[in-house]
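Subject: Structure for you, with notes

Hello,

Here is the structure I promised to send. Please open it next to this email.

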Amino acid sequence: MKQSVKMIVGNWKMNGRGEDLSEVLALASALAVQPSEHRVAICPPATLIERLARAAVGGAVEIGGQDCHEAPGGAFTGSISASMLADAGARLVILGHSERRAAFGESDGLVAAKVEAALAAGLEPIICVGETLEQREAGDAVAVVSAQVKGSAPDALKGQAFAVAYEPVWAIGTGLTPTTGQIEEVHRAVRAALIERLGVNDGGAAPILYGGSVKPGNAAEILSADEVGGALVGGASLKAEDFLGIIRAG
Ligand code: PEP
């Protein structure tokens with residue numbers, strides 16, 4: 001299935017200070033002059049959400065978080081709840097990024113609980129899945145990703161807006177990308193897993209983004225692949241010029 005309106009989401013990870021607001025201002029003004037048909041979002045560190053939400057006023061650039069706690073509030077020092085993200089101006093939230101799965105031991109069950117918390121706060125979750133190089137080389141990519149989708153997608157997603165991002169761990173920040181055929185094979189498997197898990201109405205419509213070393217130079221080919229409903233972009237989302245190059249390529 002081809003989706004002509006793509007979702008292009010920037011993940012700033014642990015990068016960005018007040019001085020980087022200028023990148024979002026540049027992005028927002030370029031999109032005001034020449035609007036994009038695509039949905040565009042930036043997920044900055046939590047410290048910048050409110051400032052970016054104000055800077056991106058006008059709606060051309062949506063703002064999201066990069067993670068949330070699964071509880072609505074309480075004694076969880078250092079954590080941020082979904083409703084706090086929403087209160088600061090976020091509309092989306094990335095959940096289950098492979099860096100969090102690897103560095104913070106996030107399981108599919110925990111990601112599913114975070115998805116429920118995000119939905120309860122009115123946020124649109126972007127659920128990340130992806131295989132390691134070892135798993136791909138063992139021929140397990142489709143099985144691993146399908147299991148992650150089923151384990152990370154709670155019933156609460158039915159009737160709600162959400163997206164899934166397929167991000168092969170070995171492609172993140174490495175400059176390596178799968179072939180178009182490999183991307184399409186996994187995206188078809190993600191679609192099948194979503195439909196099995198949530199039914200054809202809810203599982204059949206959610207955009208499936210590709211993430212992992214997306215750049216202006218490879219974005220057109222990736223975004224035109226079958227079942228690719230957008231891109232989750234790390235490094236190349238930090239500079240307005242690069243991110244715009246990806247948005248315009250879609
Ligand atoms: C990411 O971290 O979500 C990502 C896709 O990073 P990069 O684009 O830098 O590979």
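Below are notes on the ligand site, then on one residue in a loop.

Please keep in mind that this is a predicted model.

The ligand site

Start with the pocket. The ligand takes up the space of the second largest pocket. There are 14 residues around the ligand. Lys13, Glu167, Gly173, Ser213 and Gly234 come nearest. By type, the shell around the ligand holds eight polar residues, four nonpolar and two charged.

- Glutamate 167: a polar side-chain atom lies 2.7 Å from an oxygen atom of the ligand.
- Histidine 97: here too a polar side-chain atom is involved, 2.9 Å from an oxygen atom of the ligand.
- Glycine 234: a polar backbone atom is 2.8 Å from an oxygen atom of the ligand.

How much of the ligand's accessible area does the protein cover? On its own, the ligand has 300 Å² of accessible area, and the protein covers 97% of that.

Leucine 157

This residue sits in a loop. The loop runs between α7 (141-152) and β6 (163-166). Is leucine 157 buried or exposed? Leucine 157 counts as buried, because its relative accessibility is 0% and the cut-off for buried is under 20%. Glutamate 116 is 41 residues away from leucine 157 along the chain.

Best wishes

Notes. Residues are numbered from 1 along each chain as its sequence is written. This is a predicted model: local features need pLDDT of at least 70, side-chain atom pairs count only at pLDDT 80 or more; totals for chains, interfaces and linings use all residues. Side-chain values use heavy atoms; hydrogens and water are left out. A residue is near a molecule or strand if one of its heavy atoms lies within 4 Å of it. A polar contact is a pair of N or O atoms within 3.5 Å; within protein, one must be able to donate a hydrogen and the other to accept it, and residues adjacent in sequence count only if both atoms are side-chain atoms. Accessible areas come from the Shrake-Rupley method with a 1.4 Å probe; for residues, only the protein chains shown count as cover. On a 1 Å grid over the protein atoms alone, a cavity is a set of points where a 1.4 Å probe fits but cannot get out, and a pocket is an open set with protein on both sides within 12 Å along at least five of seven lines; lining residues have an atom within 4 Å of a point. A molecule sits in a cavity or pocket if more than half of its atoms lie within 2 Å of its grid points. Ala, Val, Leu, Ile, Met, Phe, Trp, Tyr, Cys and Pro count as nonpolar, Asp, Glu, Lys and Arg as charged, and the others, Gly among them, as polar. Helices (H or I, at least four residues) and strands (E, at least two) are DSSP runs, numbered from the N terminus. Buried means under 20% relative accessible area, exposed over 50%, partly exposed in between (1.4 Å probe, protein chains only).
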